[in-house]
Every structure is written in C-alpha cells, then in structure tokens.
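I opened this entry to record what I looked up in the structure, one topic at a time.

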Amino acid sequence: QWLSDRKKRALQKKDVDIRRRIELIQDFEMPTVSTKIKVSRDGQYIMAVGTYKPRVRCFDTYQLSQKFERCLDSEVVTFEILSDDYSKIVFLECGRFVEFHSQHGHYYKTRIPKFGRDFSYHYPSCDLYFVGASSEVYRLNLEQGRFLNSLQTEASESNVCDINPVHFLFAMGTAEGKVECWDPRTRNRVGLLDCALSSVTADTEIEGLPSISALKFDGALNMSVGTSTGQVLLYDLRSSNPLIVKDHHYGLPIKSIQFQHHLDLIISADSRIIKMWNKDTGKIFTSMEPEHEINDVCLYPNSGMLMTANEAPKMNIYYIPVLGPAPKWCSFLDNLTEELEENPESTVYDDYKFVTRKDLENLGLAHLIGSSLLRAYMHGFFMDIRLYHKAKMMANPFAYEEYRREKIRQKIEETRAQRVQLKKLPKVNKELALKLIEEEGEEQQISRKRKQKNLPSLLKDDRFKVMFENPDFQVDEQSEEFRLLNPLVSKISEKRKRKLKMLEELEAQGQEEEEEPEGKASDAESSESSDDEKGWVEEVRKQRKLLRQEEKLKRQERLKEDQQTLLKPQFFEIKEGEEFRSFKDSAKKQKLMKKTLEDRLKLEEKLGTLNVSDTTVGSKQATFKLKKSEQQRKQQEAEKQHRQERKTLRRSASHLKSRRGRGRLFH
C-alpha cells in the first residue's frame, strides 16, 4: 500500500509471483476489512461493504474499476440489492438502523425495535422481513412505507432468514438450532425442522447446542442449512430428515452457502476454508484455504468465478474453469488458463519427501512399502517429512558434522569468489588472446560512456574456439607475410610480451592476487596512432630490406654447403631410350628427384630458369622458362648444323668466283 507505482513496477520485474498476478478489477479492496459482497442481477455491478470507516463501494465490471464509494454512519451487518442495477439498495446497520439508497445516494433511514442480524425481501408484497435479537419477525412494507404486524415465533433469537425464489416460502434459522417455515400469504407457520438434532452424527464431536448460522434455498424443494458447529445439512422440504450431512471438521460456524448447478455442487464456507462438494454423494470436489479469515463468499452467476470478503483489505477473486466459463467482462481468463494448462508447472510438496527404493533401504524403512506411511508415485514413494528426518537422524547420527563441513566449505568458496581472479590465457595464440582482451576492455569503456550494448567476445564464441586450442592455427610472427602485413606489430607486441611474462609467472607461482600490468592511457594511445600511420611506410621499407638481407645470407650458406659436399663414386644403370652424356647429368637428376619442391625451385632460381619476386601486397610472383624436350633439342641442333653447312658452301662459292675473275683479268 505504501509503495509508489515506480517501486511496484520494479518489484514486478524481480518477483515472478507478483508478475503472474492479475489485477482483474482496479483497487478491488477495502481500507481495513470487507464484510459482505454481492453481485447485481444484471451482472454489471459488484457491491461490497466494509470498514473502517464504514462504507460501501460499487465496482463496474464493464470498466474494471470502481464506480462510486459512499460512507455510512455505522457498520453494515448485511445488505440487499433490490433492483437489477445499483439504483435501489437496503442496508441493515449495527445500531438498529435500516438505510435506503437510491441511484443518487442516501434516500431514507429508519429504525427497527431490536438489533437486526439478517433480512429478506418478498417481491410479490414488497415486504422486508427482519430477524434479530428478538422472537418477532419485523415486516416493513415498502409500497405503503410503514411497518406491518410482526410474525410471532417460538424462538428466543433468530440469526438468518431466506425466501424461496419459486413459491416464496419464508424460512428463518433460530439460535436453538431449528428452522421455522412461514407462509407470507396467511402469515402462519407451516413447518418446523430440528436441525441441531439431525446435525449430530456418530463421527461428530459437538460442544454446546448448534445454532443455525446459514440458510439457502435451491429451487422449489431443496434447502441447505449451516450450523455454528461446522455442519452443513441438505434437506428436501417434503422430509424432516436431512438428505446428507457434511462436516467441515473445524468447529467454526458456517458463514455462507452457495449452489452451483452446472456440476451439482454445494459451496460452503466457514471463516477458515471454502469447500465444494457434490450435493448427491457428499464427495469433496475441491477446497480452498485463503490466507486471511473469510467473512462472505459470492458466486458470480453462470460462471466459474468466486469472490470472497476477508479480514484483510484485499478482496480475493478465484476463477475455476471447471465450474464454468469466465464472465463476459473478463473472457480473456479462458485463454490464460489454456496457456497455463499447456505449460504445467511441477508441484512442490512441502510436507512430503520423495524417496526411491534405494533410499528406503539405506534408511532401513524398506519394510514400510505397502503401508499407509508411503504413497507410491512414479519410480519412488512420498513419505512424511517428519518421519524422514527422524529416520535419517537414526540411520546417520553424524549428519550434523557433514552438514557443518559443507557449510564451512561453502563459506570458504564464497570468500575465494570475492578475491581477484587471474585471467587464464589459452595455450595457443596467447598474444592474440591478450590483444583481444585489451580491445574488449577498451570497447567496454567506450560503450559505457556512450551507453551502448557490448559486442560478444571472440574468445567466448564457439565458432573461433579451435583457433585457441589447435596448434595448427598458431600465428607465425616470423613469417614474411606476417611481417609485411603487420609492420608495426613489433613495437606493439613488446608491451604484450611483458604482460604475458608477468601472467605466466603469476600462474607458475599460483598466486591468487592479480597484478595488472601497467599500460598507457587511451589518450596517449590515440595521440600515438597518427605517428604510427606516418611511420607505416618507413617500417614496410625496413622490413623489406631485412628480408632481402636474410635471403642473401641464406643463399650464401647454401652455396657453401654445396661446395663442401663431396661426391662419392657410384654406379648407375642407363634406362632404355636414354642417352648417356655425363655422370653429372644423371647425378643431378637423382639429386633433384630426392629434393623437395621448395629446394628444386630455389635451384632453378639460381640457374636462371625461375625468377621469384615479392609484390607490394606481400605475396610471391614467379616467372619461369620451360625446358626443351630431347626431340626439339635434336631438331634445333640439326637446323644449326644445316645453317653452318650452308654458310660454308656460300663462302666456298664466293671464293671460287673471286678466283675466276682474277684469272680473266690476268689474261
């Protein structure tokens, strides 16, 4: 009540039970206590009376909210809605007052001679019958506006009364445990039932004389009576003996009786429990025990909804789909109950413990199987929790010591959890993992400032899990591609290497305190980013020079190795179809066949048949010359020989011509 709307909304987010509650009618409550609750005949209005201060509240079901509230001079004992809506209401108050209200508010107020306890309205004659602390039944005619002659009864006091809706027989329950029936037309008593004697059975234990505390007609022939000792009796008006007697077993007076015609049920309530039972067999259908004491129960007509007035501010509303459909103004309840049936929740048994057959053997209770102390359920049994605790104490007397050790262990784990824990890096790609952790921390700081959602980490993503577990995915920082693509890694990785060393030392020592390595602030890093961009080109050039120098050194080492190697004499067999030129060629061929592709390419690069060069992106570019086949080589040699022969022939021909010319001149 004292919580603000904002705090209520916050509480609804945290508490699941509060979130599941449905506020069907807004502010459906009284300041302190509600005493009576009724529904108008048209079903649109629900009226309730309560304290403190004495008041009546009317709730409009079409609007699901309160329509009006009127305060009264004294507390209301009971009230009746005479019209189909709220336009005509009669209140019986504590101070012997009878107050009439119309649509606009208070209309008229009068008094009766004795304190009243209940009243009923006789529609054919417009008479109000009042019963109370007197032997007389007072009649007030609303058409004439005056009191009529009272009905003289044998009772000292009367508690309740009711009028049959079919033949308008008037019945009243007395303090002596009797029910007197009167005919309003002749104003004579036509019947007398001794309910106190009939309520006493062999199973019931009664202290004192039972008086009548509740009375209700059902149709033309049935009548139900409730006693102050907690029994409900169902009568047929043609018989003086009850058809059935139902005991609530609480010894509390019955406060309300309702009939549910859809399933032939009687709904009886005392201050502690509401019971629903079959009027033919007396078999219990269900029962409800609210948290607070019950003052009145109202069944919404032609539905499965129950409303209760309690000794608490909140008036409860119950909906039982089996009893009937939801009213028109809250038809959405049917959909909600269907959803709940589709997703049933597991029942929690507070007073019972579920045990298996093995548990029973360990406790030494296997002999109880088949007795009433164990209830078979699924693959085990339910047993009383008290019996379970006793058996466990006898079977294991040192259970307290185990419990104590477990509690101590939990406390130690809680204190350990509060300490700073080390960041465990993966075995593969430690530097990459550290880099991702640093970037994640920076992104979290930025997102907090900008109030954005954090992106998921690669370390926690299952798709990249193998990259930090499989050594085949280890990043080789000494490779040419890595150095050319990441020229600034060498500078940045120095900080990470320091961090890695510190973390490895802490893990080796097994310390529980984490010493975070110092790092530069985000402002310093942002200022250095521009310098890094400018020095990127210079760094690439340096890396290229270093790679070329390394290549030259490797070539020189390989040449030295080749020169130092001595060839041992070996015998080779020439294959068919091959010409033997020299031992060097065959040896070279076999040596080349044994070498890897990488070594063969490097040899061809030395010979000049292959040229490998680096591109600007960091990849390799290879150009090569194809070797000529044996047939092509022979053809080229023949062509070359033919050219030489032709040259010699031309020279000899030219020489002969010159000699002939000289001889002619000489002649």
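I started with D27, which is partly exposed at a relative accessible area of 40%. The model is predicted, and I read every entry below with that in mind. D27 sits in the loop between α2 (16-20) and β1. I looked it up for its backbone: D27 has a positive phi of about 55° and is not a glycine.

C126 was the next residue on my list, with a positive phi of about 60°, again without being a glycine. I found C126 in the loop between β9 (116-122) and β10 (127-132). C126 is partly exposed, its relative accessible area being 22%.

I then checked peptide bonds. The bond from T51 to Y52 is cis, with omega near -15°. Another cis peptide bond joins Y52 and K53, where omega is about 10°. I placed Y52 in the loop between β2 and β3, and K53 lies in the loop between β2 and β3.

**Salt bridges**

How many salt bridges does the structure hold? I noted 15. I followed up a few of them.

The side chains of D84 and R41 form a salt bridge at 2.9 Å, N to O. D84 is in the loop between β5 (76-81) and β6 (89-93) and R41 in the loop between β1 and β2, so this pair ties together parts 43 residues apart in sequence. I logged D84 as partly exposed at 45% relative accessibility. R41 is also partly exposed, at 47%.

E69 and R57 meet through their side chains at 3.0 Å, N to O, in a salt bridge. This pair links distant parts of the chain, with E69 in strand β4 (residues 65-71) and R57 in strand β3 (residues 55-60), 12 residues apart. Is R57 buried or exposed? R57 counts as buried, because its relative accessibility is 12% and the cut-off for buried is under 20%. E69 is partly exposed at 33%.

I also looked at a pair inside a helix. E406 and R409 form a salt bridge at 2.4 Å, N to O. Both lie in helix α7 (residues 399-418), three residues apart, or about one turn of the helix. E406 is partly exposed at 34% relative accessibility, and R409 is partly exposed at 38%. I then noted a network: salt bridges with shared partners join R55, R57 and E69.

**Core**

I asked which residues have the most contacts inside the largest nonpolar core. The core has 20 residues, and the ones with the most contacts are F28, I37, I46, M305, M307, W329 and L333. At least two residues of this core come from each of β1 (33-39), β2 (45-51) and β26 (305-310). β26 gives the most, with three residues.

**Surface patches**

I looked up a nonpolar patch first. I22, F332 and L336 make a nonpolar surface patch of about 240 Å². L336 belongs to helix α4 (residues 332-342). I recorded L336 as partly exposed, at 32% relative accessibility. That value lets L336 count towards a patch, because patch residues need over 30% relative accessible area.

The last item was charge. R541, K542, K545, R548 and K552 form a positive surface patch. I found K552 in helix α12 (residues 536-564). K552 is exposed, with a relative accessible area of 55%.

Note on methods:
Residues are numbered from 1 along each chain as its sequence is written. This is a predicted model: local features need pLDDT of at least 70, side-chain atom pairs count only at pLDDT 80 or more; totals for chains, interfaces and linings use all residues. Side-chain values use heavy atoms; hydrogens and water are left out. Patches are made of residues with over 30% relative accessible area and no salt bridge: like charges are joined within 9 Å, nonpolar side chains (Val, Leu, Ile, Met, Phe, Trp, Tyr) within 5 Å. Accessible areas come from the Shrake-Rupley method with a 1.4 Å probe; for residues, only the protein chains shown count as cover. A salt bridge is a side-chain nitrogen of Lys or Arg within 4 Å of a carboxyl oxygen of Asp or Glu. Lys and Arg count as positive and Asp and Glu as negative; His and the chain ends are not counted. The place of a charge is taken as NZ of Lys, CZ of Arg, CG of Asp or CD of Glu. Helices (H or I, at least four residues) and strands (E, at least two) are DSSP runs, numbered from the N terminus. Buried means under 20% relative accessible area, exposed over 50%, partly exposed in between (1.4 Å probe, protein chains only). A nonpolar core is a set of buried Ala, Val, Leu, Ile, Met, Phe, Trp, Tyr and Cys residues joined through side-chain atoms within 4.5 Å.
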